[in-house]
Amino acid sequence: PLSLITFAVEYQLFGDDPHISHFINVLLYAISIVVLFLLLKKLFHKQNIVIPFVITLLYAAHPTHTEVVANIKSRDELLSFLFFLFSFHLTLEYLKNDSVVKISTALACFFLSLFSKEGAIVFLAVIPLTIYFFTDTSLKKNIITSSLFIVPAALFLALHYYVISHAPMPKITYSYLDNSLVAAPDISSRVATAVYMMGRYLMLLIYPHPLSYDYSFNEIPAMAWSNGKVFATLIIYGALIYIALSRLKKKNIFSFCILFFLAGMSVVSNIFMLIGATMADRFLFVPSLGICIAITILLVKFTGAADPFQGTVSFSGMIKKNMKFFSIVTVILSVFSFKTITRNRDW
């Protein structure tokens, strides 16, 4: 209900003025980008500041985020992500000094994240994953700390169940107009189509075109397991899962990126349960961070920029030594920004 509360306050103060709502969405996104950079700076503290900075730029400019920022309704995504960032910032501080105040505030922020959007439940998996990959915290402390977040999650789910079970209106049921998978011929076809969409999600993160505000009925045809695109998607995801699990013990960054992406997509994939939409660009808002991290690290390795970043004194000297890296990043950012700006008009 948190985003609805903000809309109610806006309406009370400013009336039915969409400009105010758009401004607040842009402001929330800007704050999220700053907080994200500060968090990445902590996580990549052993790396040059260029790494978290480029990751943040790629994330900020990614065209799939246009729906979240430009569509007023998607404030739930913005608030959920922002409160999670605050929560994890405070969790990292707690791991350093065991401050009861810090962890209590972190749990409160996580509760607000859930109150913004129920999909924030996936952060229960993201928290221990990130602690494991980016800190030297012992496994025992990681488990204990991460388990604390079950408390606000359980409280939210209890409230969620109570409100829905006691609502005077009939329970909402989804039709094929909401999610075309409801009209799939059978479960096999439904899952195969959902797997195909996971392939499309991956493509949109790398090549974000074309984008759409509506992937509902008759936009995505029902697929069978014999379809080549479904089979190719299975192979790609199988390879990604193998890479993630085989490099898990070594705390490989690509393992983290893959697991982060999969965790974020788990509740919106339509593979495990049907949700209220077939597919949506906004569902990539959180998972795209994993891809932005992977792209940045791949560019560092591809251009050989890892060593020159270290020990560089002047900014101009760093640019000259890593011209190839910054040139590619500039091209990607330019293309992403152009697509985002043109996409804004659709909203």
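**View 1. The lining of the second largest pocket divides into 12 nonpolar, 5 polar and 6 charged residues.** This is a predicted model, and here we're looking into a pocket holding about 650 Å³ of space. Its lining runs to 23 residues, and Leu43, Phe44, Lys46, Gln47 and Phe134 sit nearest the centre.

View 2. Of the 14 residues around it, Leu39, Leu43, Thr130, Phe260 and Leu289 are the closest to the centre. α2 hands over the largest share, 4 residues, while α2, α5, α7, α12 and α13 each supply at least two.

**View 3. The largest cavity has a volume of about 170 Å³.** Glu77, Lys117, Gly119, Gly264 and Val286 lie nearest its centre, out of 16 lining residues. α5 gives the most here, with 3 residues.

**View 4. The largest pocket takes in about 1,700 Å³ of space.** Its lining counts 36 residues, with Glu118, His160, Ile164, Ile172 and Tyr174 closest to the centre. Two or more lining residues come from each of α1 (2-14), α6 (100-116) and α9 (150-165), and α9 has the largest share, at 7 residues. Sorted by class, you get 25 nonpolar, 5 polar and 6 charged residues.

Key
Residues are numbered from 1 along each chain as its sequence is written. This is a predicted model: local features need pLDDT of at least 70, side-chain atom pairs count only at pLDDT 80 or more; totals for chains, interfaces and linings use all residues. Side-chain values use heavy atoms; hydrogens and water are left out. On a 1 Å grid over the protein atoms alone, a cavity is a set of points where a 1.4 Å probe fits but cannot get out, and a pocket is an open set with protein on both sides within 12 Å along at least five of seven lines; lining residues have an atom within 4 Å of a point. Grid points are joined across faces, edges and corners, and a volume is the space filled by probe spheres set on the points. Ala, Val, Leu, Ile, Met, Phe, Trp, Tyr, Cys and Pro count as nonpolar, Asp, Glu, Lys and Arg as charged, and the others, Gly among them, as polar.
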